[in-house]
Amino acid sequence: MEQERHQEIRRLFQMLEQTVEIAEHAILTETFTDSENRCITQFNKVLARLNDINAVPNGLFDPLQTDATFGEITVACHHLAAYLSEDLSAAANFKGWMTNLLGTQVIKNISYSFEEDKIGDLIRKSIPEFLMETTLDDINETFNVGPTTVVSVKTALGTIDVQTAETNVVSVSIQRTAQLNMDRQAANMLRNLNVTFDRQDQELSIHAAFKDEKRHWRKVANRLDIRFEITVPKRLHQIILQTGGGDISVVNVNGMVQSRTAEGELQFDNITGPILGHTARGNVRLTTCTGDVQVDTLRGDIDVNVNIGGSVNAEASGGNLQCTDVIGEISAETSGGNIQLSGCRGGANVQASGGSIEIENDGPITAKTVGGSIKAAISGQLQDDSILETSGGDITVSLIPEAAVKIDAKSNGGKVISSFPVAIDVKGELQGLVNGGGPLLALRSTGGDIQLKHRND
């Protein structure tokens with residue numbers, strides 16, 4: 001019985017060998033077009049049978065996805081055959097099998113032990129350089145522009161990096177690379193990226209799209225590397241950037257910047273002018289920006305560091321929000337994250353769901369959270385009414401000793417403590433005037449304590 005099982009494993013091993021030979025031949029010669037599905041089906045049937053006869057541990061190897069490439073099929077066969085080779089004494093055949101594909105260099109890097117957790121790295125390290133990637137020639141263009149020019153970039157995929165120089169010229173360099181030359185599907189898709197330039201009056205438009213949307217470029221997007229490196233004059237009227245997937249970075253621009261990515265990071269540094277930014281999945285970071293800011297992310301954090309004079313409108317769904325040294329007004333909202341404001345001076349309207357709020361500000365504050373605490377340090381004299389409200393958390397407010405406010409604090413289920421003398425002090429409530437009274441400071445907590453103290457306590 002055991003002998004029959006051993007013979008079946010050997011036959012299944014030979015089927016793997018045949019499958020990988022087809023995949024290898026297709027990679028190197030680009031024949032067997034559109035036969036990936038047949039190889040995928042055969043590999044999955046072999047894996048299922050090996051699981052049935054307990055030749056491999058259940059769950060150690062995953063079936064191939066329906067959109068797997070010949071390169072992925074080859075690596076999967078290598079992994080599975082490496083595991084089987086120990087029992088079948090097939091190391092010599094397997095070594096020759098990989099040598100046919102990868103050349104003699106593979107023999108130097110593999111010490112004749114084919115552990116399933118190392119074989120993938122060994123194969124990648126042994127691949128000759130000519131198989132490592134497909135790199136197309138860079139696309140390079142230059143355009144003379146003036147300070148009233150609008151530069152727009154719209155691409156289906158790719159990272160966009162905008163720098164500035166003391167020039168009146170926009171320089172564009174587009175780099176295109178597929179990670180593996182053996183990945184025919186990705187390489188062909190890369191060649192189908194069509195880039196056009198349109199210069200009309202005071203507008204320069206750059207558009208990049210894949211010629212055949214039916215070829216489902218999104219399935220190979222993570223195996224492509226497309227970069228737009230753009231140099232512009234420091235002063236421009238507006239820059240509009242949009243990518244279907246990739247990071248966007250803009251540095252040292254004097255003008256309006258509008259950026260949007262479906263998946264990637266947004267970074268703005270030293271921008272003098274309004275900023276509009278959106279990412280569906282990625283972090284947003286701004287440093288030393290002087291104009292009004294409106295940014296949002298569906299899955300990521302937002303960090304605004306030094307905003308001189310402009311207002312900040314930021315929204316994160318599920319991420320944290322942090323603002324440091326912002327002079328303008330702040331409007332911030334997050335679902336599932338925390339909010340932290342440090343050294344801010346223009347007033348704040350912030351809201352969190354399931355997170356805590358920490359505020360250091362000398363302007364009026366409206367802060368609301370559900371399921372978190374609120375800590376507020378007010379560094380100056382309030383000029384307008386403020387309200388802090390939480391459900392399920394504590395509230396701590398620090399005021400300068402000479403602050404003049406009207407206190408209205410109520411806690412449902414907690415206590416209220418004050419370092420300031422207040423006229424009316426009953427259980428769970430604190431109402432009255434501090435230093436003769438001033439703008440209203442309303443504090444509301446459900447299930448938490450409220451504490452009012454001096455800034456130097």
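Select L388 first: leaving aside neighbours within four places in sequence, L388 is in contact (heavy atoms within 4.5 Å) with I365, A367, I374, A376, I395, V397, L441, A442, L443 and R444. The model is a predicted one, in which local features need pLDDT of at least 70 and side-chain atom pairs count only at pLDDT 80 or more, whereas totals for chains, interfaces and linings use all residues. Residues are numbered from 1 along each chain as its sequence is written, and side-chain values use heavy atoms, with hydrogens and water left out.

**The nonpolar cores**

F268 and L388 have the most contacts inside the largest nonpolar core, which has 88 residues. A nonpolar core is here a set of buried Ala, Val, Leu, Ile, Met, Phe, Trp, Tyr and Cys residues joined through side-chain atoms within 4.5 Å; buried means under 20% relative accessible area, exposed over 50%, and partly exposed in between, with a 1.4 Å probe and protein chains only. Next, select residues 224-233, strand β7, which gives the most to this core, with five residues. Strands (E, at least two residues) and helices (H or I, at least four) are DSSP runs numbered from the N terminus.

Then move to L16, L50, C77 and A81, which are included in a second, separate core of 25 residues. In soluble globular proteins, nonpolar side chains tend to be buried together.

**Helix α2**

Select residues 36-52. This helix, α2, has 17 residues and reaches 24 Å from its first C-alpha to its last, close to the 24 Å expected at 1.5 Å a residue (1.5 Å times one less than the number of residues). Its buried residues are E36, C39, I40, Q42, F43, V46, L47 and L50. Seen down the axis of α2, these fall within an arc of 165 degrees, so they line one face of the helix; the arc is that of the directions from the helix axis to the C-beta atoms. On the other side of α2, R38, K45 and D52 are exposed. Following α2 is N54, whose phi is positive, near 60 degrees.

Which cysteine sulfur is nearest to that of C77? With a disulfide defined as a pair of cysteine sulfur atoms within 2.5 Å, the count comes to zero. C77 is in no disulfide, and the nearest cysteine sulfur, that of C39, is 7.7 Å away. C77 is buried, at a relative accessible area of 0%, and C289 also counts as buried, at 1%.

**Aromatic pairs**

The whole structure holds two aromatic pairs. Rings of Phe, Tyr and Trp (its six-membered ring) pair if their centres lie within 6.5 Å; planes under 30 degrees apart count as stacked, over 60 as edge-to-face and the rest as tilted.

Select F61 and Y83, an edge-to-face pair with 5.8 Å centre to centre and 75 degrees between the planes. F61 lies in the loop between α2 and α3 (70-88) and Y83 in helix α3, 22 residues apart, so that distant parts of the chain are linked. F61 is buried at 13% relative accessible area, whereas Y83 is partly exposed at 25%.

Finally, select F143 and F197, whose ring centres are 5.7 Å apart and whose planes stand at 35 degrees, so the pair is tilted. F143 belongs to strand β1 (residues 134-144) and F197 to strand β5 (residues 193-200), 54 residues apart. F143 is buried, with 15% relative accessible area; F197 is partly exposed, with 26%.
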